[in-house]
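Hi everyone, thanks for coming. Have a look at the screen with me, and we will walk through a few side chains and then the place where two chains meet.

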Amino acid sequence: MADATAGQTVTACNAPGGFSRLARLTGVNWRGALAVVAFVLGWELLVRFKALGFAAVPGPLESLTAFWATYASKASYWESWFASFRRVVAGFVLAQLLGIPLGLFLGTRERLRELMFPVLELMRPIPPIAWVPLSILFWPTHELSIIFITFIGAFFIIVINVHDGVRTIKQEHLWLARSLGAGEAMIFRRIVLPSVLPAISVGMTLGIAVTWNVVIAAEMIAGDNGLGRLTWEGYVSHTSTVVIIGMVSIGFAGYLSSALVSWLLHKLTPWRA
Amino acid sequence: MNDVLHQGALSIRQAGKIYDPAGAAVVALEDCSAEIRAGEFVAIVGPSGCGKSTLLNAIAGFDRLTSGEILLDGVTLASPGTEPRPGPQRVVVFQHGALFPWMTVLENVIYGPTRQRVLGADAARAKALDMLRRCGGLDTAGQRYPGQLSSGMQRRVEIVRALMNEPKVLLLDEPFRAMDTVSKSAMHRHLLDIHALYPKTVLFITHDLEEALFLADTVYVMTTRPGRMKTMLRVNLARPRTLDMLVSHEYLELKRQVVAGVHEEAQKAFERGERELA
């Protein structure tokens, strides 16, 4: 009853725009597409009419032209993509490989939790970027220090999420598994791990976004290449179109990695439709 | 068949449980006794927090008693000196449902027998599909995930998952509590049918007296904390139970006998709740 009423209200609200019907028919988010077009158009207009502060900002058309003319076919541009992606993948994967087991241990072993949790809670609030100086001092190459900082960005997030996930496993599930004859190893594999997968999902989804944040900042400070470096070089060499190309590229790169992670997680948790 | 019927006699003798986590001893269960015959459908009625679930957890092997003992077919299940051990002879169906959401219906149902290596995967699947079909045509839902089923279907699948282990006792912990009246009534029909098909000892915990009288052979009314058996009532309504029995003279007479007692305990529990909050 309540559902039916809610359904009607939603339809009534959407009817005037007609976007919902169009979206249903075509499978495209037309409202979102329109917003992107409006944003680009607004930006172009602000630049054309030299709105306050926009004097030095290149417009989207100018940036796109520069992109097609020079960057799309330039090897160094795509090498920037590759360099940043490699760092993100390395830092992110490493964070999962170490963070997931640590989170599981912390969630299941009370003594280990008592021992390690205060240290983690003290380190967690330190922004990954604050690790840059120490990281450069510690690691022999800049490449390793950037990967390390990226790792830090995703590591604490996954540890905390997995830890919380373990501690919210339903007691009934554990009891029932025992009633049905499962031993400890089997309970871990068939009950604990799948119970924690949703928490791992959250940790990974948040982690991949933070990883891009961190890698770009680290590249601007300490990198020789990568999309962050590209953007920064655009600024120091007064080629402002490169700044825009860099920023938009980072946006696409981040979006692509998030989509990849969410596709992977969807495959891992088919029961969460 | 006869053999099955003669398994599952449950003897609860002066069972007691004191929770003492912070020095403030809470007596959940005290001097609680009941003799339950094999194959009997027993309902335990009591107000919230009366120790019904404590009793059930002790039988299921999730928790230890602090006094008394519980025997299943003469074997001690729970006592102060017995290490709690859950097992497939006594499986619980919980109030909020506890199907494993990451397993399909079929995987859930065959989990017990395959884990215990009682059946191979193929035999377990065949048995599961057969049982699911008998319990209201659930076999068609075998490949779906629990989250895709209605709560009524989930609960029935859960009962089938328990029955797959050939348990001696089926423990139902307020399984229909969160349901609306219509679904609840449909579930009563299903449960009665399932019990007729697989006549196991059933311990059905509820706070709903009408439900208890409609389903059970014997109804125990529990006192509010500390939980004890206050009244025992044999329900001599014929089986199969039908809806018109709910307005029959016999049913109303039974209800008349215990309703005041149930209300009295509910009132006590309520007033204590008020006091604890004040």
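Let's start with Lys168(B), which is buried, at a relative accessible area of 15%; here buried means under 20% relative accessible area, exposed means over 50%, and partly exposed is in between, with a 1.4 Å probe and protein chains only. What does Lys168(B) meet in a salt bridge? The partner is the side chain of Asp73(B), at 3.0 Å from N to O. A salt bridge, by the rule used here, is a side-chain nitrogen of Lys or Arg within 4 Å of a carboxyl oxygen of Asp or Glu. Asp73(B) itself is partly exposed, with a relative accessible area of 28%.

Before we go on, please keep in mind that this is a predicted model: local features need pLDDT of at least 70, side-chain atom pairs count only at pLDDT 80 or more, and totals for chains, interfaces and linings use all residues. Residues are numbered from 1 along each chain as its sequence is written, chains are lettered from A and ligands numbered from 1 in the order in which they are written, and side-chain values use heavy atoms, leaving out hydrogens and water.

Now for a second salt bridge, between Arg13(B) and Glu69(B), whose closest N and O atoms are 4.0 Å apart. Arg13(B) sits in strand 1 (residues 10-19) of chain B and Glu69(B) in strand 4 (residues 67-72), so this pair ties together parts that are 56 residues apart in sequence. Strands here are DSSP runs of E with at least two residues, helices are runs of H or I with at least four, and both are numbered from the N terminus. Arg13(B) is partly exposed at 36% relative accessibility, and Glu69(B) is partly exposed at 28%.

Over all chains, the count comes to 32 salt bridges.

Next, is Glu40(B) buried or exposed? Glu40(B) is buried, with a relative accessible area of 3%. You can find Glu40(B) in the loop between strand 2 (26-36) and strand 3 (41-45) of chain B. Its side chain makes a polar contact with the side chain of Thr218(B), at 2.3 Å. A polar contact is a pair of N or O atoms within 3.5 Å; within protein, one must be able to donate a hydrogen and the other to accept it, and residues adjacent in sequence count only if both atoms are side-chain atoms.

Finally, the two chains together. How many residues of chain B are in contact with chain A? There are 25, and they meet 18 residues of chain A, where contact means heavy atoms within 4.5 Å. The two chains bury about 2000 Å² between them, 70% of it on carbon and sulfur atoms. Buried area is the accessible area (1.4 Å probe) that two parts lose on being put together, summed over both. In chain B, Trp102(B), Tyr111(B) and Arg115(B) lose the most area to chain A, together 31% of what that side buries. Between the chains, the count is zero salt bridges, while four residue pairs are in polar contact, both residues at pLDDT 80 or more.
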